[in-house]
Amino acid sequence: MAYPYTHEKEVRILSKYFGEPEARTLEGWKARGGYKSLAKALEMGPDQVTEVVKESGLRGRGGAGFPAGVKWSFMPKEPTKPHYLLCNADESEPGTFKDRELLRWTPHQVIEGVLIAAYAIRSEHAYIYCRGEFFETTQILARAVEEAYEAGLAGEDVMGSGVTMDVTVHVGGGAYICGEETGLMNSLEGRRGQPRVKPPFPAQAGYRGMPSTVNNVETLASVPFIVENGAEAYREYGTEESPGTKLFCVSGHVQKPGNFELPLGFPMMELLDEVCGGMHEGRTLKGVIPGGSSVPILNAQECQDCELSYEGVAKAGSQLGCASVIVMDDSTDMVKQVRRMVGFYAHESCGQCTPCREGSSWVEKILRRIEDGRGTEEDLDTLMEVTTQMTGTTICVLSDSVAAPVQSSIEKFREEYLTRIRTGEKVGAA
Amino acid sequence: MADQQSPQTVTLTIDGQEVTVPKGTTILKAAERAGIKIPHYCFHPGLSSPAMCRLCLVEVEGAPKLLPSCTTTVSDGQVVLTDSEAARAQRTGVLEFYLVNHPLDCPICDQSGECKLQDFVFAEGREHGRGKEPKRVFGRDDFGGDVLFYGDRCVMCTRCVRFMREVAEDERLTVVERGNRSVIDTFFEEGLEGSPFAGNIVDICPVGALVSKDFLYKARAWDLDHTPSVCPSCSQGCNIQLHIRDNLVQRLKPRENLEVNGWWMCDFGRHNYEWMNRGDRLEVPMVGGEAMGWPEALETALARLKEVQGPVKALVSPHASNEEMGMVDGLVEALGGGEVFYRSPRAQDEVPLPGFPTLVRRRDLAPNVKAAEIMGFQRIGDDEARGGLEALQDHEGILLVVGDELADAAEEFGSRAQGFLYVGQYPAPAMKNADFVLPSTTFTEQEGSYTNVQGRIQRFWQGTRAPGAARPGWMVLGALLAELTGGDAPVRAHEAFARVAERVSEFSGITYRDMGTRGTPVQEPASLSGD
């Protein structure tokens, strides 16, 4: 037992040194084999690095699950303009706390990944965009970047290779929407953090209008292992479509919540019952949000055979997202839970697109009314229609994130809404 | 016609119609070309397209989602459906979102009747609202200058913010907060005060969120008659519309003309209209201090013109139309020659619109200085359009004053002239020495044309009725000229222009038809280019 909780079924590649303060320092990181991958990558050449990552099948860990190597290959091969690598550390999805842990325990692992990725896409400047609330985390990261510069691992002539790769840590103002890749770029440029219309895509015109790639912290942290051990070694874990390991952020009503690194495809119930020590005494499972609050809720039944891979969760009717597993037992008041999630999105909507700006707060108000026992059955139809109108109609997917919990909860926990509407009584509220 | 085989064009189908447009055209513009109007708020042809109102989404066959027609460019063989069930449902849905917090205060809203929210909801909105929740309230804010902001009516299209940023290049507005707490606000206390083009944001606001203090509660939109015209406040000649009720000009609005003013006009021109409604007008021809009918007055004047020998001196207002100036020029020549002068107020500086540099508030604060220059008239007086009258004051032959109010003329101005004709709109002290006072109409009361600083001849139309017996200056002078030189007196403005075009080479060959509603450049006198 170390790092709040660990479990024997974990495969600790990324989280191996969680809980070891010495791993934060450059010296400590090198002692643990750090920066060998960077040296190897610099010998391989950019295209070869991209190829290995492509072969490994590493999928973006920020939520969308897009293959990282493929994303890198969209960048122009012959740079005519500056290229930028943007590391997305604006981790703000409710239920997610993996990037923070990667940054505060193993900052050099992330920096190494950033440098390798920057090298692969021929970027001379990488930015790490940190969530505004990450105070301690950012200080640790900034210190690590300083160390990397001092050791000649970043800046001009990285490890004597002649390659220049600057790394800048940027702290955001703490807006959820700045975690959307184009919103992040706007914020980094000093503009309002609002998503941009695509096309153009970041690889064509991103940060400052230049070819850019945005990768999640966990994605980049996975790169050093892949470069060092090869694609095959990485593919030993996980499934064909979802190779490798993934940090699962388990929160909610389990005995041992926390970050657990498991091979993708791990059974959901095994995660809850064994790795996380099961439900609280005398409680039963009501539902799970498997990938952060913006994905559909699964009911207990759907969780039974659910495999935690991109394809497995999709099969169960939701998305793996960023693997933020929010567990709810029978004490959960589903109406209140959904209202609170929608309230978050209504508060964080950037306000550009009409369906999201007006719809999210409207939905919140309706849910609030139902929660207060003043709802009607027609309100459920209205909610379904309004959220349908909010799906796929906006620039980014924040609007869709409102629809997912609302629609899935009305479909799967309709009785609970109806009880609240008809009798005003809460179901399960502990 | 566009060549369908050319790689520079794209052929697509919109609602079953085949359309060929240049490569890079957006679906919205291509549809417009096919006569299909796609509702939109945030898109404006003079601004960037943020694609955020989500109203212009259309179905494109093969695309997984509806696409914003304002930013999606056309491609060959594309099949666009603007009126499919999905596209209509999208519009109905978005319009419902707009009404979630909208106060629906149309009965007291200045925009009512020319409001895009009214129009679109009426056309495609839900019959009954489903909103039961309390609405968000922002209230009213004075943005400074002429602009008042009603936050609750705002549809957050950000056209105003983008206009100030991209066109005025004078960032005074921004969106503060986010989500449905988003609201337009000013950066500093002075707001829009002193920003010379800020009034345009009222025009481009699709709803009643930004309204003009000057126009507030003055008239309902449906009571206004719209007359195409040309702004007379400087020599730029911005294309405008006169909005008229009860024979009074209530406000001026810019009219699109990409060659001159784009979609914009300056606040100086916009608010300089009260004089058009002046009531102290000359209404009856006066000869020797006695009122007279037009036939007798013109006959008497003609007799005097024939009788007096020697060179003529004339003073013309730069507010006179091409037709009026041309008649003055012709009359002077028919009477044996002489000199024509004009006085024009001049500002110290030009005021350019940085994001649309074609539009500049010019130094000459009158609409037809260019025509005076073309006809070889001499500028006299200072930048206030005062002084310089010594050249005419003691003239002993025929003295012709057209339009100039002679506000600063000496007591004895024109007293020695053997024939002093005053053709004007307003009574002037110097009129007492005039033998003939002939009332003429202002530019809002007649048809005519101006030549702007670029050398572009642009028409204006009659919007108001003239008082009493006042007639267009060209008609008065044209009648006299016809008597002296033969031919019919012009009775229509286009006839008058044709007469003038016969003698002014820069105008030759140009007709009212050529000018259309957006004007046409004058002929280059030295140029060999022909049609």
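## Close-up views of a predicted model

**View 1. Meet A:Leu115 and its neighbours.** Leaving aside residues up to four places away in sequence, A:Leu115 touches A:Leu38, A:Leu153, A:Ala154, A:Val158 and A:Met165. Keep in mind that this model is predicted. A:Leu115 belongs to the largest nonpolar core, which has 213 residues. Together with A:Cys87, A:Val114 and A:Leu271, A:Leu115 touches the most other members of that core. Helix α6 of chain A, residues 107–120, is the element that gives the most to this core, with nine residues. There is also a second, separate core of 69 residues, and among its members are B:Val312, B:Val332, B:Ala409 and B:Val476.

**View 2. Two helices of chain A cross.** Two packed helices are described by the angle between their axes and the distance between the axes. Here, helix α3 (residues 46–56) of chain A meets α6(A): their axes come within 8 Å and cross at roughly 115 degrees. Look for A:Pro46, A:Val49 and A:Thr50 on α3(A), and for A:Ile116, A:Tyr119 and A:Ala120 on α6(A), which make the contact. Five of the residues in this contact are nonpolar, one is polar and none is charged.

**View 3. Domains 1 and 2 of chain A touch.** Chain A is divided into domain 1 (21–235), domain 2 (245–329) and domain 3 (334–423). The C-alpha centres of domain 1 and domain 2 of chain A lie 27 Å apart. Their contact takes 13 residues from domain 1 and 16 residues from domain 2. On the domain 1 side, you will find two nonpolar, five polar and six charged residues.

**View 4. Chain A meets chain B.** This contact takes 25 residues from chain A and 24 residues from chain B. On the chain A side, the elements giving two or more residues are α13 (334–348), α14 (354–371) and α15 (377–389). Of these, α14(A) gives the most, with ten residues. The chain A side divides into eight nonpolar, 13 polar and four charged residues.

**View 5. A three-stranded sheet in chain B.** The strands form an open sheet in the order β24-β25-β26, with antiparallel pairing. β24 (448–451) and β26 (520–521) of chain B each have a single partner strand, so one side of each is left without a neighbour in the sheet. Two bridges join β25 (residues 456–460) of chain B to β26(B), and B:Arg456 has B:Pro521 as its bridge partner in β26(B). Helix α8 (residues 322–334) of chain B lies across β24 and β25 of chain B, running at about 85 degrees to β24(B).

Terms used:
Residues numbered from 1 in each chain as written. Chains lettered and ligands numbered in written order. Predicted model: local features only at pLDDT ≥ 70, side-chain atom pairs only at ≥ 80, totals over all residues. Contact = placed C-beta atoms within 7 Å. Helix = DSSP H or I, 4+ residues; strand = E, 2+ residues; numbered from the N terminus. Nonpolar A, V, L, I, M, F, W, Y, C, P; charged D, E, K, R; others polar. Core = buried A, V, L, I, M, F, W, Y, C linked by C-beta atoms within 7 Å. Buried ≥ 20, exposed ≤ 12 C-beta atoms within 10 Å, placed from the backbone. Domains from an automatic or database assignment. Axes fitted to C-alpha atoms, helices over the stretch in contact; angles between N-to-C directions. Pairing = 2+ DSSP bridges.
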